[in-house]
Amino acid sequence: MSTIKLIITYLLAYLVGSIPTAVWTGKLFHNIDVREHGSGNAGATNAIRVLGWKTGIPVLIVDILKGWVATMLPHFFNLAEPGSASLVNLQIIAGLFAIAGHIFPVFADFRGGKGVATAGGVLLAIDPLLTLSCLGVFLIVMIISGYVSLSSICAGLAFPAFLFIFFNTPSLFFRIFSVFIAVALIFTHRKNISRIFKGEESKLFGKGKKQKSV
């Protein structure tokens, strides 16, 4: 496999992840920077809260697609045999570059979101059924609690649990990656966790204020 081809693949993955969907959409259609409002986060949840559902849902979809497209690049470029552990490993690395791009977007002064939606797109490209199972956990917790942050954390914890117990993968790296994602989600949502325990975390819908930060 060509080193140049690998570098181009990962550079493209980062650039795709760097597309600041919420920022560009807010400026184009609402003449505001979502990072200056709400939680200050350039993610889909803050876009929904600041820009409304009609704008926020397309932002969410595009952010998921960013992760999916970036993760599929090694497959599109035939960097490894389909279904092999090598291909999965290359896809995970491409996905990490996309997530890094979303969090630190070169097109938006390196101030992005937390990467939850983009990470979802990464997982969707690698294992759709596992991803849908985690999405189910997210939706159940969301319906019960109304907290996007708690739903994201629970879905992240379900990822390695489901992978180790119910699913199979040829890649040890994918198993390590699943644990990394769970830990990373807990770390990036540590302030939300503190607010939940204090009873100060707000909700995306239902009683109380809308979600402050995800």
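Biologist: How many nonpolar residues does the lining of the second largest pocket have?

Modeller: In this predicted model, the second largest pocket holds about 230 Å³ of space, and Ile99, Ile103, Lys114, Phe180 and Ala184 are the closest to its centre among the 15 residues that line it. By class, that lining has two polar residues and one charged residue, and the number of nonpolar ones is 12.

Biologist: Which element gives the largest share of the lining of the second largest pocket?

Modeller: The elements that give two or more residues to this lining are H5, H6 and H9. The largest share amounts to six residues, and the element they come from is H9.

Biologist: Is helix H5 roughly parallel or roughly antiparallel to helix H9?

Modeller: Helix H5, residues 85-103, packs with helix H9, residues 172-188, with the axes 9 Å apart and at an angle of about 25 degrees. Angles under 35 degrees count as roughly parallel, and therefore H5 stands to H9 as roughly parallel.

Biologist: How many charged residues are there in the contact of H5 with H9?

Modeller: On the side of H5 the contact is made by Val88, Asn89, Ile92, Ile93, Leu96 and Ile99, while H9 brings Phe173, Phe174, Phe177, Phe180 and Ile181. These residues divide into 10 nonpolar and one polar, and the number of charged ones is no residue at all, that is, no charged.

Biologist: What is the volume of the largest pocket?

Modeller: Its lining divides into 26 nonpolar, 13 polar and two charged residues, and H3, H4, H6, H7, H8 and H9 each supply at least two residues of that lining. The volume of the largest pocket is about 890 Å³.

Methods:
Residues numbered from 1 in each chain as written. Predicted model: local features only at pLDDT ≥ 70, side-chain atom pairs only at ≥ 80, totals over all residues. Heavy atoms only, no water. Axes fitted to C-alpha atoms, helices over the stretch in contact; angles between N-to-C directions. Helix = DSSP H or I, 4+ residues; strand = E, 2+ residues; numbered from the N terminus. Parallel < 35°, antiparallel > 145°, perpendicular 65-115°, else oblique. Contact = heavy atoms within 4.5 Å. Nonpolar A, V, L, I, M, F, W, Y, C, P; charged D, E, K, R; others polar. 1 Å grid on protein atoms, 1.4 Å probe; cavity = no way out; pocket = protein on both sides within 12 Å on 5 of 7 lines; lining within 4 Å. Points joined across faces, edges and corners; volume = space filled by probe spheres on them.
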